[in-house]
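Start with one pair of facing residues. Then widen the view to the sheet around them, the chain, and one loop.

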Amino acid sequence: MHNNKFKTMAVAAAALMSVLLTSCSNQVQQTEKSRTAGEISQTSSGVSSEPTTQTSSGSSAEPTTAKPLDLVEDLSKYDLKDGDSLEQIVSKMESKYGIDIVYGNDIRTEFKDENETLRAKPNTNDNEIAAALKDIDEGLNALPKGFIKQLPYGKHKILKMYLTGPITIDGVDGGGVPAFTSDSDEELYLTIEVLEQGVVNVPTVLHELTHIIDFKLHYDGIINEDDWSKLNPEGFTYDNSYGDSLAGKKDPKYCYTTDHYVGHNTDNSNDDIWFYYCYSKVNAYEDRATMLENLVIYRIWNYEVAEGLYKCPHMKAKMEYYLKLIEKDFVMNASDRDAWADAFRKIS
Ligand SMILES: [Zn+2]
């Protein structure tokens, strides 16, 4: 369905970092790493050229089927409460978001495509899984009602959320892949690494969800990359180079900042800013996912991680355009749509 294959992931160590790996069949395989202020994340590289094998294994003890979309339903019965058992948390979130949550020894441990193989180890600590789910719920809760239920596209009927232990990439030293998704698998999945004490990188989870939004926008024919590129500087093309980002080599030209979670640290004036951070210049998927991070964080925690980002006119125009595409493809309550529009208005 798509010419490009995207495998996305991000890193959360103690702080927030992200790594994303993408592969295009006609391009040299490269990888990327980005860092937060003062933090260094590990390198990802190396990819096999083996043919894609669709492997599908592991399912929760009680798989759920997505329910029909109901935007009137009172979801407060699914609110998580102190004292909820892990089973209760899972059950509530599966019902609320129409997803299939898989954890413990039931997880899928291999994610393979023609370019690389990722492996996940189980996390069998129920307390950590429960803590992670509560944080993930807080993030997903900021999205419009019924939004997650609408993400599956084409052959995909449900979004699987795998909560795993350490994730590694074959041929790559170190770990630190906090979450990833792919558009070239039999399953539509979002795999999330749960660290000690149940730490998860919620902004990265939302970043990965943005990639899934894009998969759907593409599948539904809502987004046209040629039109999108017109919102970028004249003559600009994405470099498709994750490697440059990893090495911190990307030119901060047109960027608000060099990395996420860092304030405006380039010399670029607001009128000359078209991208959030250097990583956004890898490809359009990263551009949109990084761009949405600031708004998502504002919606979840009510502060801007990149203060004034959308006051830059080109950023504002891109975001407005993207939000319109999302509105076109997703059904949502007027109140939810207004809440997002209001949030965006306040910070743009
Ligand atoms: Zn990404």
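Leu118 stands opposite Ile169 in β8. Strand β6 (residues 117-120) pairs with β8 in the antiparallel sense, over three bridges. Two strands count as paired if DSSP finds at least two bridges between them. Helices (H or I, at least four residues) and strands (E, at least two) are DSSP runs, numbered from the N terminus.

This is a predicted model: local features need pLDDT of at least 70, side-chain atom pairs count only at pLDDT 80 or more, and totals for chains, interfaces and linings use all residues. Residues are numbered from 1 along each chain as its sequence is written.

Now the sheet. It is open, has three strands in the order β5-β6-β8, and pairs antiparallel. β5 (110-112) and β8 (167-169) stand at the edges; each has a single partner strand, so one side of each is left without a neighbour in the sheet. On average, neighbouring strands here are turned by 15 degrees against each other, direction ignored. The axes behind that angle are lines fitted to C-alpha atoms.

Next, the whole chain. It holds eight helices and twelve strands. Of its 348 residues, 45% are buried, meaning 20 or more other C-beta atoms within 10 Å of their own, with C-beta atoms placed from the backbone. Contacts are pairs with C-beta atoms, placed from the backbone, within 7 Å. Among those with a separation of 6 or more, 71% join residues 24 or more positions apart.

Leu71 gives a local example. Leu71 lies in the loop between β3 (30-31) and α1 (86-97). Leu71 touches Lys145, Gly146, Val331 and Asn333, not counting residues up to four places away in sequence. The C-alpha atoms of Leu71 and Asn333 are separated by 6.7 Å, though 262 residues apart along the chain.

Note on methods: Buried ≥ 20, exposed ≤ 12 C-beta atoms within 10 Å, placed from the backbone. Contact = placed C-beta atoms within 7 Å. Axes fitted to C-alpha atoms, helices over the stretch in contact; angles between N-to-C directions.
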